[in-house]
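Q: Please take a close look at one part of this model, the place where aromatic rings gather, and explain it step by step for someone new to protein structure.

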Amino acid sequence: MQRGALSPVLMLSAAPEPPPRPPPALSPPAPGPRHGSARPSPAPEPSGGLGAALDSSLRAAVAFKAEGQRCYREKKFREAIGKYHRALLQLKAAQGARPGGLPAPAPGPASSPGPARLSEEQRRLVENTEVECYDSLTACLLQSELVNYERVREYCLKVLEKQQGNFKATYRAGIAFYHLGDYARALRYLQEARSREPTDTNVLRYIQLTQLKMNRCGLQREDSGAGAGAGARDVVG
């Protein structure tokens with residue numbers, strides 16, 4: 001071996017090491033939101049809703065009531081009755097606070113929120129409009145050729161549930177009970193109306209008619225009772 005020559009072992013150890021492999025390239029990170037940028041806004045809610053449906057129903061009820069009053073002034077009583085009924089339907093829709101007066105869905109996990117709550121002002125508007133519609137309906141019915149006194153009685157009692165001191169409803173309830181043959185109740189309502197309007201000639205006239213009917217019915221009962229007693233005595237004799 002020549003001097004200065006390296007042994008194979010030393011030659012291997014002295015061989016230069018291969019350069020290290022570069023690290024695998026990393027994929028660039030997904031771009032994130034910039035600092036201070038606004039978050040994406042949620043999807044807009046559908047327009048309208050329970051509050052809008054409530055306001056729409058109240059406005060429609062007031063409009064139908066006004067049309068009914070116009071028809072009544074023009075003596076179009078049947079048309080007026082239809083307008084007042086439509087106003088009452090809108091009031092029911094407002095109290096349910098659902099678009100178009102639809103009933104509330106069955107309870108469940110996917111059921112929609114409950115009806116919108118009426119404010120104090122809206123509640124008074126509903127009550128006053130309802131009373132005016134029922135009061136006007138009785139006036140229209142009493143102008144009909146064939147008066148439906150059962151409906152007159154029903155509507156008057158609805159008014160008196162809300163306004164016990166309503167003179168017209170009290171007087172008309174007495175008229176309805178009179179024509180339905182319930183003279184005791186007729187006299188009670190008519191006397192109540194007289195206590196509010198002592199000089200009203202129509203009230204006084206119906207009180208006289210009612211008392212006359214009651215007297216006749218009393219005489220008829222006495223006559224029928226006397227006849228039955230005489231017949232019984234004849235049978236016994």
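A: Rings of Phe, Tyr and Trp (its six-membered ring) pair if their centres lie within 6.5 Å, and planes under 30 degrees apart count as stacked, over 60 as edge-to-face and the rest as tilted. This is a predicted model, in which local features need pLDDT of at least 70 and side-chain atom pairs count only at pLDDT 80 or more, while totals for chains, interfaces and linings use all residues. Residues are numbered from 1 along each chain as its sequence is written, and side-chain values use heavy atoms, with hydrogens and water left out.

One aromatic cluster is formed by Phe167, Tyr171, Tyr178, Tyr183 and Tyr206, and a search of the whole structure finds 7 aromatic pairs. The ring centres of tyrosine 171 and tyrosine 206 are 6.4 Å apart with their planes at 75°, so this pair is edge-to-face. Because tyrosine 171 lies in helix α6 (residues 167-179) and tyrosine 206 in helix α8 (residues 201-236), the pair ties together parts that are 35 residues apart in sequence; helices here are DSSP runs (H or I, at least four residues), numbered from the N terminus.

Tyrosine 171 is buried, with a relative accessible area of 14%, and tyrosine 206 also counts as buried, at 11%, where buried means under 20% relative accessible area (1.4 Å probe, protein chains only). In the largest nonpolar core, which has 41 residues, Leu137 and Tyr171 touch the most other members; such a core is a set of buried Ala, Val, Leu, Ile, Met, Phe, Trp, Tyr and Cys residues joined through side-chain atoms within 4.5 Å. The largest share of this core, 8 residues, comes from α6.

Terms used: Helices (H or I, at least four residues) and strands (E, at least two) are DSSP runs, numbered from the N terminus. Buried means under 20% relative accessible area, exposed over 50%, partly exposed in between (1.4 Å probe, protein chains only).
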